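Dear colleague,

Please find below the structure I am handing over to you. My findings follow directly after it.

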Amino acid sequence: MAEAVLIDLFSLQMNSQTNGIQKLLCSTLERIEKHFSASAPFVYIMCYQTPRSERSSEQDSLLKVISSFQILKKGIEVVCKTSTAAALYTIKQKLDEKDLSIINIILPVQRKALMEVFIDHLFTAVYQFQFEDFGVDCEGNNLQQIAEPQSDIQTLPAHEMELIRSEIQTYLESLPDLKGKLTILKSSLIPGHIFLHGFTTRTGGISYIPTLSSFNLFSSSKRRDPKAVVKENLRRLANAAGFDPETFHSVKVNHASDVWIMGKPQPDSYDGIVTNQKDVTIAAPGADCIPVLFADPVKKACGAAHSGWQGTLLGIAMATVNAMITEYGCNVKDILVVLGPSVGQCCFTLPRESAKEFYNLDPKCVRQFESPKPYIDIKRATRILLETGGILPQNIQDDSVTDHNQSLTFCTACHPDTFYSHVRDGTNFGTQIGFISIRD
């Protein structure tokens, strides 16, 4: 059963046929009221708004129709915008505020293919959509209801698809930054004249869902932030940091120890990337897991790795180091390693069986080992493995540095205003990244 109904009047020319559209809306609302007599859904009416007008006479005419539907009245909203992208994104925000995900869309039959493209860009697999036409075309002419299989075969030409993408991008670019200005944390260990690098926080983006707000940089079928929003956040980061978002590559997380040497065939999944190319930016995500950056200023090579507790034990950090040594002739003593924001021992626990592996590495990596869920220090474990592999202690920057002004390895769970955290926020968590590239 649908939790919300979206009535798409956007393409209908209301100024020339307002009475007809009022009748169409009235009959549609009557059908909804009858069908959902036991539990009325939220209803959103999407219509076109003339640029530079705050409220149109057309909108007023729709509100008059709504006033006569007592069962639906409290749950009906009219959304008038100058573009389909703006109207749909506004409605998405209203759906997300109420945590609704099953939506029935009633629209002119010719709008279905177009609407599917907008939905593909602005929503994720969290949402379920059903389509129903109300028997008019985009000019308001009456049509007989057509069978669903026939409407399913509609496709849009490539140039129309590109126009939709452009409309969405233009709208998202117009949105203001949320939760403050975009902030990039930088390490004093990595030489800035050779490498461009940084770690993001959660401020300065357009993601609005509380646990994703506002600079989320990862889209998932299980989360409500679509790829278009993440792409816009990345564009803003690229502008601020000075890299090309079209040559940006992030690891494809598998919580293992595979490393992609850029220029060779790309694996299906990998937790590390290394490169010596100057025209690319590489990155690793984190939301408690450690985003680790590697830089060799002598050979001018760099790497990025995602190190969760499993990847830490599997040796992803040294696997990335070894790839740089093998591929680019790096000397292990020249490689600089920076551990980015990640969950601290203060907040991260594991079942005792898993904690035992960290205890065997170094008892100081585990606190309250005798408890059912001991506290784990994955940052300390990463340093131990790096030093054992030959990285010089002074070439590792983590939360053990004595000058706290130089530390970047903050506990993500302890800083809700600055960082995302899976441990703290649950399954619908956001993602920050560490990124690095070689300057020309």
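This is a predicted model: local features need pLDDT of at least 70, side-chain atom pairs count only at pLDDT 80 or more; totals for chains, interfaces and linings use all residues.

The largest pocket has a volume of about 1000 Å³. It is lined by 32 residues, and those closest to its centre are Lys227, Ala228, Val230, Lys231 and Leu234. Helix 8 (227-241), helix 5 (112-122), helix 7 (158-174) and strand 8 (248-250) each contribute at least two lining residues. Helix 8 gives the largest share, with 7 residues. By residue class, the lining of the largest pocket comprises 15 nonpolar, 9 polar and 8 charged residues.

For the second largest pocket, the volume is about 660 Å³. Its lining is made up of 25 residues, of which His255, Cys289, His306, His422 and Phe429 lie closest to the centre. At least two lining residues come from each of strand 11 (281-286), helix 9 (309-314) and helix 13 (422-425). The lining of the second largest pocket divides into 12 nonpolar, 9 polar and 4 charged residues.

Turning to individual residues, phenylalanine 369 sits in the loop between strand 15 (366-367) and strand 16 (375-376). Its relative accessibility is 14%, so phenylalanine 369 counts as buried. Leaving aside residues up to four places away in sequence, phenylalanine 369 touches Arg352, Ala355, Lys356, Tyr359 and Pro374.

Asparagine 104 belongs to strand 4 (residues 102-107). This residue is also buried, with a relative accessible area of 11%. With residues up to four places away in sequence again not counted, the contacts of asparagine 104 include Ala2, Val5, Leu6 and Phe131.

Yours sincerely

How values were computed: Residues are numbered from 1 along each chain as its sequence is written. Side-chain values use heavy atoms; hydrogens and water are left out. Helices (H or I, at least four residues) and strands (E, at least two) are DSSP runs, numbered from the N terminus. Buried means under 20% relative accessible area, exposed over 50%, partly exposed in between (1.4 Å probe, protein chains only). Contact means heavy atoms within 4.5 Å. On a 1 Å grid over the protein atoms alone, a cavity is a set of points where a 1.4 Å probe fits but cannot get out, and a pocket is an open set with protein on both sides within 12 Å along at least five of seven lines; lining residues have an atom within 4 Å of a point. Grid points are joined across faces, edges and corners, and a volume is the space filled by probe spheres set on the points. Ala, Val, Leu, Ile, Met, Phe, Trp, Tyr, Cys and Pro count as nonpolar, Asp, Glu, Lys and Arg as charged, and the others, Gly among them, as polar.
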